[in-house]
Amino acid sequence: MSRRAALPPLPVRPVDPAARPAPEPTPRSALARRWAALPAWARVTVIYVVTRLLTTAMMLVYAQRQEDTWQIEAQPDYFRFATIWDGAWYQRIAYGGYPTELPVNDEGRVTENAWAFMPVYPMVVRAAMLLPGLGYEVAAVAVSLVAGLGAMLALHRLLRRFAGEGVATFAVLLVCLGPVSPMFQVGYAEALHFWMLVVLLELLVDRRWWEMLPLVVVASLTRPTGLAWAFALLLVILHRYWTSRVRRLERFDAAEQRAAWSVAIASGVAGLLWLAACAIATGELFGYLDTEFAWRHHYTGGEHTPPFTPWFWAGEFWFGQPWGTLAVLAALAVAIVWFADPVMRRFGIELRMWGIAYFSYLFAVFYPQSSIFRLLLPLFPAVVGPLALPRSPLYRVAVPLVAVVAQVVWFHWMWFVIGHDWTPP
């Protein structure tokens, strides 16, 4: 008998004791008991509806204060106010598609155009407009609202696996009150993509590799995260080799290896689909990259930023030197400490690897400006769980209040249009 054959069979999946949910405390008050007795979907829906009403009230207050600007007319109604900024680009795509010739300025540089925005969200909104009485603005908000609810239900299911009902529910509350939670009710693609992302994370945790494949393609054409997802899958695969070949903790059979590698490679290809589509349609090989650069050349003086350098360029632009470099190094240190912290074991290797992959993707390609807060939304599944762990009553009151204040600050500085505003959300 060979030495390998003599080894005991490995389990299908090891169970990390840190990932086992702690027992839920017994509710003390009658109201708390009634709340706990509700089905999980009902609690999540109540939280989502109430927080959306809170954000709607805030948005209506700001809409009444809105003056006539280059972006929007004075005192718009809610739906008009909710579809400005990138929402206006999605509306153009829904009605007119994409240009076959990239616009350029007098210097021959590609200017802002629709190719920066991917097609799935405006296609879904256009389909929703087939319902009687739905114009674009109402349909765009409705799609985001429905997608946001789906995302919160999926997020609750995901986190409940690792930390129990109470933590998962509180995490949903934090996301619904967070600084960029208006994304769940405006004409942006973020809510739809966030729903897809959380479902993909569920499938990854369950190791349902082939079921990810169609959703990976659709998500990659909703928001540009296909390459980040491919990197996350690569990290998970390498970790599986480590736990199976080196630590001998679990199986990683040949059939599963083939499935995992196939989906990872397909994810990488999906991450390049939109670049290829732009190149084919416009005849410009780097048309998509030139289009993305159109939104940042004001910050870089027209110079392209090589991969893994944009944050340092932005640090110097916003803070000067040496503070700009120190700020970037501090952000990197926070990310490293966060994802290396043992508390992340509570939430499984998949969420940690996604957080590392997506942060690495942002660090590699994105030039930080006012949109950075919105672009951090896909990190929430990897960070909100630990934030929801403490059970102190004071903490569970103070943190949501801070989140609401941060939401108002974000909306005031990023969404509300002030003259020639330079802070698009």
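Okay, thanks everyone. Before anything else, keep in mind that this is a predicted model.

Let's start with the aromatics. A pair of rings is described by the distance of the centres and the angle of the planes. Searching the whole structure turns up 32 aromatic pairs. One of them is Tyr98 with Trp115, a tilted pair at 4.7 Å centre to centre, with 35° between the planes. Both residues sit in the loop between α5 and α6, so this pair ties together parts that are 17 residues apart in sequence. Trp115 counts as buried, because its relative accessibility is 4%.

The other pair I picked is Tyr241 with Phe252, and this one is edge-to-face: 5.0 Å between centres, 65° between planes. Tyr241 belongs to helix α10, while Phe252 is in the loop between α10 and α11, so here the parts tied together are 11 residues apart in sequence. Phe252 is buried too, given a relative accessibility of 7%.

There's also a cluster to look at on screen: Tyr62, Phe81, Tyr188, Trp410, Phe411, Trp415 and Phe416 form one aromatic cluster. And two arginines sit over rings. The charged end of Arg52 is over Tyr48, 5.5 Å from the ring centre, and that of Arg396 is over Phe170, at 4.5 Å.

Now the core. Which residues have the most contacts inside the largest nonpolar core? They are Met152, Met212, Trp229 and Trp415, in a core of 124 residues. Helix α7, residues 136-177, gives the largest share of this core, with 22 residues. You'll remember Trp415 from the aromatic cluster. As for Trp229, if we skip neighbours within four places in sequence, its contacts include Met212, Trp354, Ser267, Val216 and several leucines, among them Leu197 and Leu204.

On cysteines I can be quick: the whole structure has zero disulfides. Cys176 is buried at 0% relative accessible area, and Cys278 is likewise buried at 0%.

Next, α5. Its buried residues are Asp86, Gly87, Trp89, Tyr90, Ile93 and Ala94. Looking down the axis of α5, they fall within an arc of 155°, so they line one face of the helix. That face pattern goes with a general point: an α-helix has 3.6 residues a turn, so residues three or four places apart point the same way. And what covers the buried residues of α5? The cover includes α6, α7 and α17. Just after α5, Gly97 takes a positive phi of about 70°.

Setting aside neighbours within four places in sequence, Arg240 is in contact with Arg207, Trp209, Glu250, Arg251, Phe252 and Glu256. Phe252 is the ring that pairs with Tyr241.

Arg207 brings me to the backbone. Most residues other than glycine have a negative phi, and most peptide bonds are trans. Arg207 has a positive phi near 60°; it's in the loop between α8 and α9, and buried at 17% relative accessible area. Gln75 also has a positive phi, about 45°, in the loop between α3 and α4. Finally, a cis peptide bond joins Gln321 and Pro322, with omega about 5°, and Pro322 is in the loop between α14 and α15.

That's my tour, thanks.

Definitions and conventions
Residues are numbered from 1 along each chain as its sequence is written. This is a predicted model: local features need pLDDT of at least 70, side-chain atom pairs count only at pLDDT 80 or more; totals for chains, interfaces and linings use all residues. Side-chain values use heavy atoms; hydrogens and water are left out. Rings of Phe, Tyr and Trp (its six-membered ring) pair if their centres lie within 6.5 Å; planes under 30 degrees apart count as stacked, over 60 as edge-to-face and the rest as tilted. Helices (H or I, at least four residues) and strands (E, at least two) are DSSP runs, numbered from the N terminus. Buried means under 20% relative accessible area, exposed over 50%, partly exposed in between (1.4 Å probe, protein chains only). A charge sits over a ring if NZ of Lys or CZ of Arg is within 6 Å of the ring centre and within 35 degrees of the ring normal. A nonpolar core is a set of buried Ala, Val, Leu, Ile, Met, Phe, Trp, Tyr and Cys residues joined through side-chain atoms within 4.5 Å. Contact means heavy atoms within 4.5 Å. A disulfide is a pair of cysteine sulfur atoms within 2.5 Å. The arc is that of the directions from the helix axis to the C-beta atoms.
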